[in-house]
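Could you open the model and follow along with these notes? They take a few spots one by one.

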Amino acid sequence: MARRGRTAIVIGAGHNGLVCAFDLARAGFDVRVFERRGVIGGAAVTEAFHPGFRNSVASYTVSLLDPGVIADMRLHERGLRILERPISNFLPLDDGRYLELGGGLERSRREVAKFSARDAERLPAYQAAIEAVADRLRDLALQTPPELGRPSLASWLRAWRQGRGLASLDLAGRRDLLDLFAKSARELLDGWFESDPIKAMLGFDSIVGHWASPDTPGSAYVLLHHAFGGVNGKKGVWGHAVGGMGAITQAMGDACRDAGVSIETGVGVEALLRDGDSPSTARARGVRLADGRAVDADVVASNLNPRLLFERLVPPHALDPAFRERIGRYRCGSGTLRMNVALSTLPRFAAKPTDAADEHHASGIILAPSLDYMDRAFIDARRCGWSREPVVEMLIPSVVDDTLAPPGAHVASLFCQQFAYELPDGRSWSEAERDRAADAAIAVVERHAPGFRASIIGRSILSPLDLERTFGLVGGDIMHGRMSLDQMWAARPILGHGDYRAPIRGLYLCGAGSHPGGGVTGMPGRNAAREVVRDAGGLRSLAQALRGR
């Protein structure tokens with residue numbers, strides 16, 4: 001068992017950091033968490049953005065959170081409630097038609113049949129193919145990748161076991177797996193469907209938090225990544241956390257404190273403290289805080305983006321030159337602008353004009369009618385810095401959660417794609433530039449919901465640079481690193497350190513910059529804690545503690 005009294009520091013109180021801290025405390029570690037911001041939760045927070053209005057200001061919807069994390073931390077018992085969307089998505093079109101998905105397979109097929117009888121027939125097989133592959137990858141997401149950069153018998157055995165899980169797919173499933181890893185979203189969807197609306201609805205997930213076009217090779221995997229989840233035991237369902245995403249991390253914080261974790265907010269970490277002064281001898285021994293304190297610990301787990309950790313907290317001479325070069329090439333940037341708006345009234349969509357709240361208001365509202373539209377938005381953004389007709393997804397959580405806005409009013413989350421972190425022609429993300437970009441996104445909504453602009457009584461805009469400055473998302477990357485095949489599984493963040501162990505002994509990676517990547521999942525935090533405990537000789541103690549929950 002891990003010796004009682006072993007100490008651990010977790011850098012950052014985002015959701016993965018909290019999960020890691022909780023598991024370490026349950027395994028017998030004395031754990032301290034340090035958070036730069038004045039509130040825990042990282043990007044999964046609920047904050048006031050206009051008088052009387054609150055919202056999930058960054059991450060904004062629930063599906064990928066691991067059910068094991070929910071159960072072990074007793075989040076529902078601590079007050080967390082997740083409401084399922086009545087339908088998954090609503091796609092209004094310029095010609096006055098619309099497509100809705102969700103609410104059961106037969107309902108979805110009837111919706112798709114409005115555009116193509118053939119596509120309606122193909123939909124069940126497509127969903128079954130995606131689900132079969134997602135089932136295998138869900139299992140893989142909860143396992144530590146093999147360390148293929150430093151081969152050993154143990155790493156090869158781990159690779160064999162994980163490969164055996166994928167090999168359990170039948171031949172058709174293996175072909176689907178290859179398609180999903182290698183193809184663009186357009187290539188994948190063109191092979192299944194013929195109508196633009198269904199391809200747009202499904203293809204949207206391929207560019208979420210992914211600075212890419214649906215024509216970019218590998219974008220089909222990003223589509224698959226968003227299919228891993230579920231809500232309340234139902235696979236593939238998305239939902240709203242009552243009270244916003246901060247309700248999740250506040251419940252996690254309560255679980256940590258009950259387990260004995262000390263959490264300090266409003267204090268950032270300035271540097272990693274080490275014994276040894278060369279790559280071969282360096283070992284983490286604690287951290288130096290922004291207020292000047294030096295805090296010692298046996299192990300340090302970082303919830304930061306890997307580039308933020310290794311480029312700002314670790315001096316260059318403590319890292320191998322080859323590692324420094326590779327981490328400098330770790331790609332970040334998801335092309336995201338995030339906006340929260342306070343509304344005097346509910347949006348009224350031209351394609352489905354209802355004044356009262358309806359199912360489509362409680363869904364994910366996708367404003368991008370085709371894959372061609374998404375591709376043009378990306379090309380425009382690469383040329384001009386941000387798309388003049390961006391891709392927008394809107395959620396209106398106040399439809400199902402009246403704690404977020406005054407009676408009769410609403411809040412909306414606008415998740416806008418194709419906004420570059422670095423702007424051309426010497427421009428910067430000034431307040432004026434941010435307002436112009438936000439106006440472009442609002443114009444997209446206005447086109448589908450006339451009167452939307454006039455209903456806005458307050459707004460909060462987070463450009464990619466704001467996301468970096470506020471939440472530590474390097475390059476504004478909501479995934480803590482590009483979700484591309486060269487930065488996934490055993491190569492996340494780089495090959496040779498995909499098993500959560502940094503090149504400095506005693507330092508571990510527990511954030512979304514490690515396997516399985518982005519989203520509010522809790523999996524990187526849980527997996528990293530398991531490896532910390534394994535190295536301390538206490539893996540059995542963690543398993544016993546979690547079974548005792």
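**Notes on the model**

1. Start with Ala48, which sits opposite Arg54 of strand S4. S4 (residues 53-56) runs antiparallel to strand S3 (residues 46-50), and 4 bridges join them. Strands here are DSSP runs (E, at least two residues) and helices are H or I runs of at least four, numbered from the N terminus; two strands pair if DSSP finds at least two bridges between them.

2. S3 and S4 make a hairpin with 2 residues between them, and Gly52 in the turn has a positive phi of about 85°.

3. A word on the source: this is a predicted model, where local features need pLDDT of at least 70 and side-chain atom pairs count only at pLDDT 80 or more, while totals for chains, interfaces and linings use all residues. Residues are numbered from 1 along each chain as its sequence is written, and side-chain values use heavy atoms, leaving out hydrogens and water.

4. Of its 83 residues, Leu224, Met339, Met394, Leu414 and Phe452 touch the most other members. Helix H4 (residues 117-141) gives the most to this core, with 9 residues.

5. A second, separate core has 45 residues, including Val31, Ala44, Leu80 and Cys510.

6. Helix H17 is mostly covered, with 11 of its 13 residues buried (under 20% relative accessible area, 1.4 Å probe, protein chains only). Among the buried ones are Met523, Arg526 and Val533. Just after H17, Gly537 takes a positive phi of about 80°.

How values were computed. Buried < 20%, exposed > 50% of the residue type's maximum accessible area, 1.4 Å probe, protein only. Core = buried A, V, L, I, M, F, W, Y, C linked by side-chain atoms within 4.5 Å.
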